[in-house]
Amino acid sequence: MAEPVIDLAGVRKTYRTGSIEFEALRGVDLRIDAGEYVAVMGPSGSGKSTLMNILGCLDTLTAGSYRLAGEDVGELDEIDLADIRNRRIGFVFQQFHLLPSLSSLRNVELPLMYGRVHGAERRARAIAALERVGLGDRLDNRPGELSGGQQQRAAVARALVGEPALLLADEPTGNLDTASSDDVLRLFDELHAQGRTIVLITHEREVAERAQRVVRVRDGLVVEDRAVAA
Amino acid sequence: MTWTETLRTGWAAVRTHGLRSTLTVLGILIGIAAVILTVGLGLGTQKDVSAQISSLGSNLLIVKPGSSTDSSGVRGGFGTRTTLTRADAEALASKVNTPDVAAVAPEKTTSVSLEAGDTNWTTQVVGTTPEWLDVRARTVANGTFFTAEQDEQRANVVVLGPETAKELFGTTRVVGQTVTISGHDFQVIGVLESQGASGDSDLDDVAVVPLSTAADTLVGGQSREAVSTVYLQAESGDQLSAAYQEATQTLLNLHGITDASAADFTVNSQDALVSTATAVYKTLTVLLTGIAALSLLVGGIGVMNIMLVSVTERTREIGLRKALGAPPWAIRRQFLVEAGVLGLGGGVLGAALGIVAAQVLPGLLGTSVVVSGAAVAGSVVVALAIGLVFGVYPATRAARLAPIDALRAE
């Protein structure tokens, strides 16, 4: 059996503010295989964001284990985590997080810059990623010159450019109108059809229904894990 | 992320906030320009003073009456005895007493009014011996200098400085003319070559007469034998200190003084004069450089301030870069490079301003400003270092931001 992309076992995360401890995740087991399209749902305060930060290697575990594409990332330090994020994970954020002073091409090149891909190869890969999301004619435009939907597609291109094992999208449609949302979600569908592993965090039911599998989180625990009827 | 990319990113960030960066750079710029100028002024003054003092002549010892060992003024001779006389000068000229002294020129200086026709001009009249010309490194432009015979015969002859000749006659071609000094007619036999001003005394405004003529005709009375200065020229620079010893001993013997600290005369070398004269400027230079260095410190704090603002403003950018895989050292390096660009920019522009000002200032102030390559290179390096040093704290703060917190920042 193939190695799962994500393998969480008994993951706990405790935040400490002064003397007050808050347990955001209280033992989460989750396994996501390559090529799956999973939506993580849950109300605010459910531990959904914490789960996303853990999955994205932006935060460390308090207990349990996390294997990402076969690598145990639970024990890694900050520098190794940065490297894992760079090689394994493509992020798509609610606020796009494009750097306003850079052209879309330079924005998409950013992960490759930190991944030590240089010169013509980097440029070619960034152009290919932008063409993949339908922005081949917007290479030199800055984010301010793009519509919201286009900005989010540029952000998806940036997430794809490093050929990551996991595409992690945090409320990717939260700042978009219906048409643009549809646009971006159609892009995810296409990427899924091409065999990408996608984890989408959302609180919108209709967004979650686009996925193949829905995981519900509540009070720091996975309370539901079901396949969506095709 | 390569160095070129880091530099490009840093430069872009500096340019994005043009005004802010310019003001920060200005702080460094002013400090660097000030350092270059104060160091340049110090060096220039030192050069000027050395040039002025060496224009007196070369390898000189200068003997003056009175002791400088007292802080409370000058130790005079007893009664009416003057402490430095023509006899002293003659003793110092003796090869037996002072084998390392090449030539001796006593000077007896009085300020007197000179008349020519209906023009009069008050100037320094110097009574001396023919050796004066060599010892003081002067040359005669027109005519001749007086001879030892003319000195012995108390001849009424005078050699004028070019400035004095112009004041009296409107020209320097005045050989054969007559000048009246203190009611006595003197024949002009020569005019000196121009030498320029030395400090506050104009070397070109002078009238030189034989020492015996000055003593008998112009001064007379009890102080006729006194001389105001005796210039000794050593055989070479190496023999200067030997000549110094010999001259001091000769004069102590002659004056019957056993305790050197009770000497009623002072022997100075040019070096001593240079160092005395430059000591003040050195103190001043150190003081001014200190102030300039302080302004650099303030400039550095400006860099730190702006970098902290920049880090706060770009928290989300830092978070994003970290999420995309930037390790802490890459973030730190990026902000350090930015601070370094600010410092280096200030350094280069400040050096340019300093060099330009060094060309303009001498015309305005009349003092030389010597811009040394070492000072320029040094201050550019210091400016870069200031940028980097004051960038360390903001850069470290940026590097330590947690990516999740940074991403969520407003």
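Let me start with the two domains of chain B, whose C-alpha centres lie 56 Å apart in this predicted model. Domain 1 of chain B takes in 3-52 + 276-408, while domain 2 of chain B covers 77-263, and these bounds come from an automatic or database domain assignment. A word on conventions: residues are numbered from 1 along each chain as its sequence is written, and chains are lettered from A and ligands numbered from 1 in the order in which they are written. Since we are looking at a predicted model, local features need pLDDT of at least 70 and side-chain atom pairs count only at pLDDT 80 or more, whereas totals for chains, interfaces and linings use all residues.

How confident is the predictor, then? The score called pLDDT is the predictor's confidence in each residue, from 0 to 100, and for chain B its mean is 85, with 94% of the residues at 70 or more. Chain A averages 91, and 99% of its residues score at least 70. Among the elements of chain A, the highest mean pLDDT, 94, belongs to strand 3 (residues 37-41), and the lowest, 88, to helix 7 (residues 205-208). When I say helix or strand, I mean DSSP runs numbered from the N terminus, with helices being H or I of at least four residues and strands being E of at least two. For the model as a whole, the scores are ipTM 0.92 and pTM 0.72.

Please treat two stretches of chain B with care. Over residues 69-73 of chain B the pLDDT stays under 50, and the model has two contacts there beyond four places in sequence; over residues 76-81 of chain B it also stays under 50, with six such contacts. Two residues count as being in contact if their C-beta atoms, placed from the backbone, lie within 7 Å.

Now, where do the two chains meet? The contact takes 19 residues from chain A and 19 residues from chain B. On the side of chain B that touches chain A, the elements giving two or more residues are helix 1 (3-16), helix 10 (315-323), helix 11 (328-365) and helix 13 (403-408), and helix 10 of chain B supplies the largest share, five residues. By type, the residues on this side of chain B divide into twelve nonpolar, three polar and four charged, where Ala, Val, Leu, Ile, Met, Phe, Trp, Tyr, Cys and Pro count as nonpolar, Asp, Glu, Lys and Arg as charged, and the others, Gly among them, as polar.

Just after helix 11 of chain B, Gly366(B) takes a positive phi of about 80°.

Let me turn to the strands, where two of them pair if DSSP finds at least two bridges between them. In chain A, four strands form an open sheet in the order 2-1-4-5, with antiparallel pairing, and its edge strands, strand 2 and strand 5 (71-72), each pair on one side only. Strand 1 (residues 6-17) of chain A is joined to strand 2 (residues 20-32) of chain A by ten bridges, and Leu8(A) stands opposite Leu30(A) in strand 2. These two strands form a hairpin with two residues between them, and Gly18(A) in the turn has a positive phi of about 60°. Five bridges join strand 1 of chain A to strand 4 (residues 63-68) of chain A, where Arg12(A) stands opposite Ala63(A).

Which residue takes a positive phi in the hairpin of strand 2 and strand 3 of chain B? That residue is Gly117(B), with a phi near 60°, and the hairpin has two residues between the strands. Strand 2 (residues 101-116) and strand 3 (residues 119-128) of chain B pair in the antiparallel sense over nine bridges, with Ala116(B) and Thr119(B) as bridge partners.
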